[in-house]
Amino acid sequence: MTLALNHFSIRTTDMDRTRTFYEAALGLTVGPRPAFPFPGIWLYNGSHADMANAMVHVIGMDLNDPEGLKQYLGDRDISSLTGSGAVDHIALFATGLQVKLEHLAKLGIAVRERTVPSIGLHQLFLDDPNGVVIELNYPAAEKAALDASRAS
């Protein structure tokens with residue numbers, strides 16, 4: 001058996017801020033979503049023609065009509081929606097470190113950077129509006145090249 005990440009879902013009472021973050025910070029786009037009995041959006045990385053590209057499923061909590069969501073996915077207390085609970089972070093491979101750092105700075109999104117030399121990885125950690133930590137993993141060679149260009 002082989003496994004690959006299909007998508008991750010975020011429950012939120014603020015779909016607009018969540019959508020804006022993933023569109024602006026990661027360049028995802030809103031695409032088709034089945035007609036579930038609760039509000040939500042699917043954010044795609046790539047073509048909307050392939051549902052496998054729906055990387056982030058945003059699940060809206062309608063406080064005035066919570067029954068559809070309760071029946072489909074189960075109930076959650078609103079206080080449990082901050083942070084990522086038992087999940088520490090969501091990690092994605094990426095390329096284009098310099099462009100992403102400049103873009104996130106323009107958006108005013110705080111970034112925590114780490115390099116893991118033993119595995120050749122440079123990491124960016126950022127927080128979405130719900131407190132979910134997103135980790136972007138770049139080849140460490142991109143960070144070294146960026147540092148070298150800044151030094152010269």
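Q: How much space lies in the second largest pocket?
A: About 200 Å³. The model is a predicted one.

Q: What makes a residue part of the lining of the second largest pocket, and which residues are they?
A: A lining residue has an atom within 4 Å of a point of the pocket. Leu-26, Leu-28, Asn-45, Met-55, Leu-92, Phe-93, Ala-94, Thr-95, Lys-100, Leu-136 and Tyr-138 line the second largest pocket. Strand E5 (90–93) and strand E8 (133–139) are the elements that give two or more residues to this lining.

Q: How does the lining of the second largest pocket divide by class?
A: Into eight nonpolar, two polar and one charged. Lys counts as charged, and Lys-100 is one of the lining residues.

Q: Which residues make the contact of H3 with H4?
A: H3 gives Leu-97, Gln-98 and Leu-101, and H4 gives Glu-142, Lys-143 and Leu-146. By class, they are three nonpolar, one polar and two charged.

Q: What makes E1 and E2 edge strands?
A: The open sheet has four strands in the order E1-E4-E3-E2, with mixed pairing. Strand E1 (8–12) and strand E2 (29–31) each pair on one side only. On average, neighbouring strands of this sheet are turned by 30 degrees against each other, direction ignored.

Q: How do you know that E2 and E3 pair?
A: Pairing needs at least two bridges. Three bridges join E2 to strand E3 (residues 40–44), so the two strands pair. They run antiparallel. In E3, Trp-42 is the bridge partner of Gly-31.

Q: Which strands does helix H1 touch?
A: Helix H1 (residues 15–26) packs on the sheet and touches E1, E2, E3 and strand E4 (54–60). The direction of H1 makes about 0 degrees with that of E3.

Q: Which residues line the largest cavity?
A: Phe-38, Pro-39, Gly-60, Met-61, Asp-62, Asp-65, Pro-66 and Leu-69. This lining has five nonpolar, one polar and two charged residues.

Terms used
Residues are numbered from 1 along each chain as its sequence is written. This is a predicted model: local features need pLDDT of at least 70, side-chain atom pairs count only at pLDDT 80 or more; totals for chains, interfaces and linings use all residues. Side-chain values use heavy atoms; hydrogens and water are left out. Axes are lines fitted to C-alpha atoms, for helices over the stretch in contact, and angles run from 0 to 180 degrees between N-to-C directions. Contact means heavy atoms within 4.5 Å. On a 1 Å grid over the protein atoms alone, a cavity is a set of points where a 1.4 Å probe fits but cannot get out, and a pocket is an open set with protein on both sides within 12 Å along at least five of seven lines; lining residues have an atom within 4 Å of a point. Grid points are joined across faces, edges and corners, and a volume is the space filled by probe spheres set on the points.
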